[in-house]
Amino acid sequence: MDKFTNSAWFMRIVAFALAALLFISINFEMESDKKSLGLSTAPEISTETIENVPVEVYYDRENLVVSGVPETVDVTLKGAKSLLINAKNQRDFKVYVDLSDPAISMGDRTVTFKISDLNEKLVATIDPEYAEVNVQERVTKEFSVEAEYNSSLLEEGYTAGQPTVSPKTVKITGAKDAIEQISYVKANLEISKGLNETVSGKATVKALDRDLNKLDVTIEPSTVSVSLKVSIPSKTVSIAPKQTGKAKDGIRITSISVDPKEVTLFGSETSLEKIGEVNLPVNISKIDGDTELELDLDKPENVQKMSLGKAKVKIRTEKVDVDEEDAEPVVEEAEEEPETEQKQEEQVVEEEAEEDEPAAIESKTFNNIQIVPVGIQDDQNAELESDVTSITLLGEADQLKKITKDDINLTVDVSNLDEGTHDVDLAVTVPEGVEWELDSKTVSVTITQKEEET
């Protein structure tokens with residue numbers, strides 16, 4: 001036995017057995033590792049496209065603006081199916097563009113997309129492969145906001161003042177080229193129905209170029225408050241009762257009066273100028289004695305509305321003898337002449353008295369009258385809450401017809417105001433012989449100090 005164990009063949013057999021055992025052990029461990037990784041000795045290779053993968057852009061956001069980079073790209077992955085499924089479900093990889101180099105130059109450039117945090121056993125293809133981007137200096141500038149609205153929605157006869165905006169300025173940040181293209185900064189007040197009253201609301205601010213194309217910039221604040229004062233011209237005229245029909249036999253109408261005696265009409269200035277009074281027909285054919293009626297007022301043509309739709313009418317009567325009425329024409333003329341002459345004299349006196357009565361007072365409203373601040377100090381700015389208002393003039397019709405907006409001056413004295421907000425009385429100058437009325441006799445004025453030039 002010792003001879004066999006000491007022989008060369010024995011040693012060769014033992015070495016071969018150990019080598020076989022070692023091979024089997026190593027191969028078993030490799031197979032175990034592959035299975036633990038989800039791989040087989042012959043893995044199934046496939047491809048998977050993941051759409052709309054977000055793109056991150058790395059650059060100096062405080063000083064630069066980068067445009068032209070798409071928000072998403074499509075990524076096609078190739079590799080073992082188990083790895084693909086995991087990558088698609090987890091989406092734990094990133095697609096990015098790196099422009100973080102401090103020495104990067106301004107202008108147009110072509111950049112390639114890169115991918116990170118992807119399993120190294122997967123191969124990725126990005127569509128598109130690259131992007132044409134523009135790098136510009138980041139600029140912030142302050143602009144005044146102009147409010148606008150659809151004026152065609154104003155109902156007939158109504159007028160609108162200048163819309164007011166709060167705040168009046170916004171800060172716009174963007175690429176230097178984009179900021180230089182800004183021609184208009186507008187806030188459009190969205191109105192969905194006819195305008196017949198003052199409206200206010202929030203409006204989104206937009207920066208537009210000279211061709212009214214929207215520019216890609218950041219606006220702070222992005223919305224502003226817009227108020228639009230809507231009014232309608234008015235005129236107060238008398239109500240004139242007009243007798244219609246024939247009184248019954250034995251009834252004589254001694255007087256007809258109306259209450260109230262005036263009505264305010266609302267409509268366009270052109271339409272109102274043509275109206276001197278509103279007629280109220282009163283049918284007396286069914287009146288048997290003293291009567292009080294409530295009658296509808298007919299709205300004149302082209303008038304939008306009236307302050308009231310009905311008026312009360314008082315009718316006073318007296319009874320007369322029908323035979324006496326029939327006999328009156330037979331009375332001798334000679335006896336009647338003195339009485340007739342006396343009546344004529346009384347009639348003349350009445351007509352003269354009527355001529356001496358003052359003419360009826362009417363009103364006329366002027367809208368959008370400019371308010372002018374006076375006495376502004378050199379080192380101050382004066383800002384009015386509203387720089388226009390409406391004023392109603394009261395006077396004789398003939399005089400009112402001659403008055404235009406140019407004859408009216410509204411000013412506000414700010415010469416003695418300190419920094420801050422103040423309610424200041426309006427100074428009104430109108431032609432002699434007319435009176436005036438304002439919705440508000442004061443206006444809010446904000447005084448600020450001018451910035452010193454450096």
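Which exposed residues does the face of H3 turned away from its buried side carry? The legends below begin with this helix.

View 1. The model is predicted, so local features need pLDDT of at least 70 and side-chain atom pairs count only at pLDDT 80 or more, while totals for chains, interfaces and linings use all residues. Residues are numbered from 1 along each chain as its sequence is written, and side-chain values use heavy atoms, with hydrogens and water left out. Helix H3 spans residues 81–90, and its Leu83, Leu84 and Ala87 are buried (buried is under 20% relative accessible area, exposed over 50%, partly exposed in between; 1.4 Å probe, protein chains only). These three residues lie on the same side of H3, because they cover an arc of only 100 degrees around the axis (the arc is that of the directions from the helix axis to the C-beta atoms). The face turned away from the buried side carries Asn89 and Gln90, both exposed. Strand S1 (45–58) and strand S3 (72–80) are what the buried residues of H3 pack against (contact means heavy atoms within 4.5 Å). Helices (H or I, at least four residues) and strands (E, at least two) are DSSP runs, numbered from the N terminus.

**View 2. The salt bridge between Glu48 and Lys88.** The closest N and O atoms of Glu48 and Lys88 are 3.0 Å apart (a salt bridge is a side-chain nitrogen of Lys or Arg within 4 Å of a carboxyl oxygen of Asp or Glu). The pair links distant parts of the chain, with Glu48 in strand S1 and Lys88 in helix H3, 40 residues apart. Glu48 is partly exposed at 28% relative accessible area, and Lys88 is partly exposed at 39%.

**View 3. Helix H5 and strand S25.** Glu273 forms a salt bridge with Lys364, their closest N and O atoms lying 3.7 Å apart. This pair connects strand S25 (residues 361–374), which holds Lys364, to helix H5, which holds Glu273, across 91 residues. Lys364 counts as buried because its relative accessibility is 12%, whereas Glu273 is partly exposed at 41%. Helix H5 (residues 269–273) also contains Ser271, which is buried at 14% relative accessibility. The side chains of Ser271 and Ser268 are joined by a polar contact of 2.8 Å (a pair of N or O atoms within 3.5 Å; within protein, one must be able to donate a hydrogen and the other to accept it, and residues adjacent in sequence count only if both atoms are side-chain atoms).
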